[in-house]
Amino acid sequence: MNNSVKMPPSAGKAAVEQEIRRRSRRSFLLAGAAALAGLGGWRWLISRPTEAGVPWPLRRVLEANRQLSAEYFSHAHLAPVFANQRARMPRTNGSAGMQSALDPAAWRLRVRGFAPQGSPASSQEFTLADIQALPKVEMVTELKCIEGWSTIVHWGGARLADFVARYPLATRSGTLSQSAEKNDLASYVGLATPDGGYYVGLDMASALHPQTLLCYEMNGQPLTEKHGAPLRLVLPVKYGIKYLKRIGTIAFTNQRPADYWAERGYDWDAGH
Amino acid sequence: MKKLVEKHPLAIRWFHWVNFPVLALMIWSGILIYWANDVYRVGWGDTTLLQFFPQSFYDAFHVDHKLAQGMSWHFVLMWVFALNGLLYVGYTLISGEWRELVPNRGSFASAWRTILHDLGIRKESLPVHKFNGVQQIAYTSVVLMGAGSLLTGLAIYKPTQLAWLTTALGGYEWARAEHFILTIGYVLFFVVHIAQVVRAGWNNFRAMVAGFEVVEVPAPAPAPLQPTTSPDSSVNAS
């Protein structure tokens, strides 16, 4: 400061002007370079080969999000339940896998038991009466569509967990017990419509969640054909895209099952 | 004569400019998500003043049927948005910069004078501070809005796992509406912000890039009649 006072005013002014130019030039060049680098990074990102419908770097982050949720969140968390009078009929938002007419009398639920490499494959067929013989669970939860709308619905059905306990098709040993070794239980469940036109995959923890139902009643009435008669999946811990209608087959497996919407760029997990 | 005065620290400038493309992409991907259930409007009964959004808007920007793409970008960039915001808040707290930004007792009176001045109602010039009352209120509000976006966003991202949060915000549908309204708030902030930056001129804009502002100071005395006794006094005088 004292130096500038001793300088002739003109020299000081020139020095200040020079400093302004020098710092401006440096900063704007750096800002320009940063903007170009950002633009380059963006173009690189959007041009990457896709993995399950989105550029792979994005898919990796989404997969990390899923892992973080799986590590951090508990599968014991229950979805909120609501008063029964708030229940409404949700819109029917899709008919994939239900193009053919339903023949309720001929309908059977076909379940493929867990059969890791080498072990014999088992499979079993069930009628709706078999499912209805399991303890009936009623709950009023919010169906959340991945599109962003939601409807509170009163569901009635049997827990998938109770089904698995009663018919131990999900384990290698054929029994479902706490003491069984860890890899005795299948890691995934795949469900599909009878014609295979719509299919969803679930992680076992979500499948065995206490609010995951094999549902045969909505708002006190038997399922209508449009809402997935005779049996549909309901699991409030995931988006509606996983609520498979007209269940035809259930398969327990260690390979992550194919999923209709995951093949179209959506999150395979679709949990929330 | 002119003098350089440091205005915005380097870190603040980075946080500010990183936020610009990230928030733009968050809004863009948010619109792709919103399209799938575009139920919001301003109006009453059968009268709609403003539709979010008109078909022409979707057509012009090719918004339709990109829900999955929108979600994928939204749930990746949310990390950058959150991290950048947290670093910004952390930096202002540790550096003490928050004292310039958080409104104080005088801010609201100062804000009123500034608004009257900017509207041309009051003519006398405003006292010069780094941030006036309007800026303090606006910049603090937008940071709180950012926190609001994170919270409402989490509430609709994980409504089962964070059911307590979703319920506290009024449920799933309300949380989604709040998330949307906050975004409209950013757009309004942006419009006013740009208008004010244009108004304030180059010197102010350059400070957000290069960090310094040029101020006019009285020319130094023609000749030092007496040597300055304390170097500090001259600094303070300038």
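**A helical span, a pocket and its aromatic neighbours**

According to an unreviewed UniProt entry, residues 28-45 of chain A carry the annotation "transmembrane region"; such annotations may be inferred rather than shown by experiment. In this predicted model, local features need pLDDT of at least 70, side-chain atom pairs count only at pLDDT 80 or more, and totals for chains, interfaces and linings use all residues. Residues are numbered from 1 along each chain as its sequence is written, chains are lettered from A in the order in which they are written, and side-chain values use heavy atoms, with hydrogens and water left out. The span 28-45 of chain A is 100% helix and 0% strand, and its end C-alpha atoms lie 25 Å apart. Helices (H or I, at least four residues) and strands (E, at least two) are DSSP runs, numbered from the N terminus.

A pocket here is an open set of points on a 1 Å grid where a 1.4 Å probe fits, with protein on both sides within 12 Å along at least five of seven lines, and lining residues have an atom within 4 Å of a point. Its lining counts 50 residues, with Met26(B), His74(B), Phe75(B), Gly153(B) and His179(B) nearest the centre. By class, 38 of the lining residues are nonpolar, 9 polar and 3 charged; Gly is among the polar ones in this scheme, and Asp, Glu, Lys and Arg are the charged ones. Helix H8(B) gives the largest share of the lining, 10 residues. Helices supplying at least two residues each include H3 (56-72) of chain A and H1 (10-35) of chain B. Because domain 2 (48-77) and domain 3 (78-94 + 104-264) of chain A both contribute to the lining, the second largest pocket lies between them.

Aromatic rings come next. Over all chains there are 34 aromatic pairs, a pair being rings of Phe, Tyr or Trp (its six-membered ring) with centres within 6.5 Å, where planes under 30 degrees apart count as stacked, over 60 as edge-to-face and the rest as tilted. Tyr188(A) and Trp268(A) are edge-to-face, because their ring centres are 5.7 Å apart and their planes stand at 90 degrees. This pair links distant parts of the chain, 80 residues apart: Tyr188(A) sits in strand E7 (residues 188-192) and Trp268(A) in the segment after strand E12 (249-253). Trp268(A) is buried, at 8% relative accessibility (buried means under 20%, exposed over 50%, partly exposed in between, with a 1.4 Å probe and protein chains only).

Terms used: Domain bounds come from an automatic or database domain assignment.
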